[in-house]
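Subject: Structure handover

Hello,

Here is the structure for you to look over. My notes on it follow below.

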Amino acid sequence: MKEPAPTLSIVVAVVGGVACLKRCLSALVGQIDATAAEVIVPYDRFCSDVAALGAIFPGVSFVAVTDLGLAADSRLAAHAHRLYDRRRAVGLGAARGEIVAMTEDHAVPARDWCAQILAAHAQPYAAIGGAIENGEDRPLNWALYYCDFGRYGRPFAPGPAAYVSDVNVSYKRRALEATRALWERAYHETTVHWALRAGGERLFLDPRPVVFQHRPPCSLAAAYRERIEWGRVFAETRAAASPARRRAVYAAGSVVLPVLLAARAARHMRRQGHGATLMARVIPLACCLLTGWAAGEFLGYLRPAPEELPAKRA
């Protein structure tokens with residue numbers, strides 16, 4: 001007899017490694033019903049050590065990713081991001097639930113995260129993003145948080161949104177199936193979400209499902225290099241659907257991005273009630289990191305991304 005599909009699938013992308021994944025899974029396994037939910041962790045040769053956690057978390061499915069496509073070549077620009085995109089794609093392909101949630105190992109879900117995701121999906125929206133909070137009180141962590149996730153920090157009112165984050169997002173099965181061709185080889189949140197919106201769906205932000213970002217300490221130089229990679233991936237994705245003239249406009253506009261994005265970060269800090277002392281420590285670091293993002297966007301618009309390898313056939 002075929003095993004019934006779970007109500008909820010949770011795909012956890014490996015980004016930080018064993019220690020981060022162990023903390024994330026520890027927060028998840030206590031709140032899931034094994035008969036109604038599944039947790040999926042895709043891994044590959046670049047993070048093969050995480051599979052050993054299967055002995056600690058026997059209810060978690062560790063799925064080996066053997067076909068990495070472009071992500072197998074570490075010489076390519078934005079290699080790390082391509083790995084994460086491929087892992088997420090494999091996880092989505094393995095998920096069986098009617099609701100499919102995604103997060104990453106840097107995130108620690110709140111104790112009621114799974115229940116709140118299911119409650120949020122009583123609403124008709126195809127894709128629902130939740131709140132993302134910073135869990136590490138270090139200036140660089142705050143800066144990275146506001147470069148990436150400031151818009152998702154509480155408080156905010158629930159409602160339709162232009163963006164939701166793959167660090168805390170969940171989909172109805174029909175939405176995933178409608179966009180399968182876009183994420184089957186490599187998942188890009190912007191491509192999938194733009195397609196959903198173009199098809200008449202609405203993205204929705206709901207503050208009830210919450211995760212906390214617990215990135216390990218890193219150097220400013222490493223964070224800056226990451227910003228370049230992440231900005232490049234965003235621009236490559238955007239450029240793929242844009243004519244040359246529009247790409248040129250985007251590239252020219254990248255010059256003013258650090259100022260615009262830093263101002264947005266300051267607005268989010270004020271909205272969340274942070275005072276001048278923390279802002280004085282964080283905003284200069286955010287400005288520095290955002291110059292890296294802008295440089296990555298500039299490169300992404302000017303240099304086309306290499307084409308993804310065709311999917312292997314069984």
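Predicted model: local features only at pLDDT ≥ 70, side-chain atom pairs only at ≥ 80, totals over all residues.

**The cis bond**

Stay with proline 155 for a moment. The peptide bond that runs from arginine 154 to proline 155 is cis. Its omega is near 5 degrees. For background, most peptide bonds are trans.

**The nonpolar core**

The largest nonpolar core has 91 residues. Which of them touch the most other members? They are Ile10, Val12, Leu21, Leu25, Leu28 and Tyr171. Helix H11 (residues 276-302) gives the largest share of this core, with ten residues. In general, nonpolar side chains of soluble globular proteins tend to be buried together.

Leaving out residues up to four places away in sequence, tyrosine 171 touches Glu98, Ile99, Val100, Met102, His121, Ala126, Ala127, Leu176, Tyr187, Val192, His193 and Leu196.

**Two helix pairs**

Take H10 (residues 257-271) and H11 first. Their axes come within 8 Å. They cross at roughly 145 degrees. The crossing of H10 past H11 is right-handed. On the H10 side, the contact residues are Leu257, Pro258, Leu261, Ala262, Ala265, Ala266, Met269 and Arg270. On the H11 side, they are Leu278, Met279, Val282, Ile283, Cys287, Leu290, Thr291, Trp293, Ala294 and Glu297. By type, the residues of this H10 and H11 contact are 15 nonpolar, one polar and two charged.

Now H7 (residues 189-198) and H8. The two axes come within 9 Å and cross at roughly 35 degrees. H7 contributes Thr190, Thr191 and Trp194. H8 contributes Phe234, Thr237 and Arg238. The contact of H7 with H8 divides into two nonpolar, three polar and one charged.

**Histidine 214**

Histidine 214 is in the loop between strand E9 (203-213) and helix H8 (220-240). Is histidine 214 buried or exposed? Its relative accessible area is 18%, under the 20% cut-off, so histidine 214 counts as buried. Its side chain makes a polar contact of 2.8 Å with the side chain of glutamate 136. Beyond four places in sequence, histidine 214 touches Arg23, His106, Val108, Gly135 and Glu136.

**Glutamine 123**

Glutamine 123 is also a loop residue, between helix H3 (113-120) and strand E6 (127-134). The side chains of glutamine 123 and aspartate 206 make a polar contact of 3.2 Å. With residues up to four places away set aside, glutamine 123 touches Ile128, Lys172, Phe204, Asp206 and Arg208. Glutamine 123 and phenylalanine 204 are 81 residues apart along the chain, yet their C-alpha atoms are separated by 9.5 Å.

Glutamate 38 belongs to strand E2. Its relative accessibility is 10%, so glutamate 38 counts as buried. Apart from neighbours within four places in sequence, glutamate 38 is in contact with Pro6, Leu8, Ser9, Ile10, Ala94, Ala95, Arg96 and Gly97.

Valine 60 belongs to strand E3. At 9% relative accessibility, valine 60 is buried. Its contacts beyond four places in sequence are Leu25, Val29, Val39 and Val41. Valine 60 and leucine 28 lie 32 residues apart in sequence, and 10.0 Å apart from C-alpha to C-alpha.

Isoleucine 56 lies in the loop between strand E2 (37-43) and strand E3 (60-64).

**Leucine 182**

Leucine 182 is in helix H6 (residues 180-183). Leucine 182 is partly exposed, at 37% relative accessible area. Outside four places in sequence, leucine 182 touches Thr191 and Ala195. From C-alpha to C-alpha, leucine 182 and arginine 138 are 37 Å apart in space, and 44 residues apart in sequence.

Best regards

Conventions: Residues numbered from 1 in each chain as written. Heavy atoms only, no water. Helix = DSSP H or I, 4+ residues; strand = E, 2+ residues; numbered from the N terminus. Buried < 20%, exposed > 50% of the residue type's maximum accessible area, 1.4 Å probe, protein only. Polar contact = N/O pair within 3.5 Å; in protein donor to acceptor, adjacent residues only side chain to side chain. Contact = heavy atoms within 4.5 Å. Core = buried A, V, L, I, M, F, W, Y, C linked by side-chain atoms within 4.5 Å. Axes fitted to C-alpha atoms, helices over the stretch in contact; angles between N-to-C directions. Left-handed = near helix turned anticlockwise from the far one by under 90°. Nonpolar A, V, L, I, M, F, W, Y, C, P; charged D, E, K, R; others polar.
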